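Colleague: I am new to this structure. Please take one part and walk me through it closely.

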Amino acid sequence: MSDESSEENKPRAIVIGHGDFSAGLVSAVDQICGMAGKLVGLSMMGLTPEDIEASIRAALARTGARVIFTDLPAASATLAARRIVKDDPGVVVVSGVNLATLLDFVFSTAASPAEAARSAAERGKASLIVVERS
Amino acid sequence: MGIHLYRIDDRLIHGQVVVGWGQPLNIRFLILVDDLVASSDWEKELYRMAVPPEMEIYFANVETAIRDHTRYAGDPRPGILIAGDIDTMNRLVKGVKAIGSVNLGGIHHRAGRAEKLRYIFLTPDEELQLKMLEGAGVEVTAQDVPSSRARPLAEVLEGDSK
């Protein structure tokens, strides 16, 4: 799913979360718009905090991605990502990612990574709606 | 109320602790016992930002955790005490006789450790430390989340593959 070879399909973000969360989200993006190549999904299952951080750093270095999407603010991946931001202020972290967030992000090709991340986060928040009979 | 769980978890504050245990036990405070974290304002802020607003977090090194344990244990709210490794919990137990049980929540793979459970990897020395902890009268079980079964130390050391 993740074709890092072509420039237009170059990864712009890492997605990491619990269980198969990232694989599921990246797969969903691919099904909807075929742009999974913009994302690199990582799992943190069975990893120490040090290994999670090393895994994210390696993916950032390999792909040139500057945005890290994580599932929960309290996740080990979020803490690891915040450590990376401390060392590299050009990296942006968005926690609480959902499908609407990622879809907005992969289409924001003209924006800088930080601008794309902020826009995507707003779209993700707005996608949470409650529907009930009045 | 007071401390409901004494947990060894190398990820310290994370989803399993804050949500997995925090929600069903209605946890309202966490005590993170770690000498390194307690000595760093940046590390403390990092973990503080991972805790939801309804939870309070205290940071302590082993020495201050022993000193303040009576206060934590007497707190009317339910709480969890977390240490990142076996050695830290062992030192705490030596100074606090009231600790009757310890939960192994996550000790992940690194060089020299062998897999015991999906989320528990131990060196021979760590196995020995846990046996000594149990020998001192502390019940040691492994349980990553509340919905899984608490597995006694003997079963943990036997491992899933045997």
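Modeller: Chain A holds five helices and four strands. These are DSSP runs, numbered from the N terminus: helices are H or I with at least four residues, strands are E with at least two. Along the sequence, the pattern is β-α-β-α-β-α-β-α-α. This is a predicted model, where local features need pLDDT of at least 70, side-chain atom pairs count only at pLDDT 80 or more, and totals for chains, interfaces and linings use all residues. Residues are numbered from 1 along each chain as its sequence is written, while chains are lettered from A and ligands numbered from 1 in the order in which they are written.

Now look at helix H5 of chain A, residues 113-126. The helix has 14 residues. From first C-alpha to last, H5(A) reaches 20 Å, close to the 20 Å expected at 1.5 Å a residue. That expected span is 1.5 Å times one less than the number of residues.

Which residues of H5(A) are buried? They are A:Ala116, A:Ala117, A:Ala120, A:Ala121 and A:Gly124. Seen down the helix axis, they fall within an arc of 135°, so they line one face of H5(A). The arc is that of the directions from the helix axis to the C-beta atoms. A residue is buried if 20 or more other C-beta atoms, placed from the backbone, lie within 10 Å of its own, and exposed if 12 or fewer do. On the other side of H5(A), A:Glu115, A:Glu122, A:Lys125 and A:Ala126 are exposed.

The buried residues pack against strand S3 (67-70), strand S4 (92-95) and helix H4 (99-107) of chain A. Contact here means C-beta atoms, placed from the backbone, within 7 Å.

Technical notes
Two residues are in contact if their C-beta atoms, placed from the backbone, lie within 7 Å.
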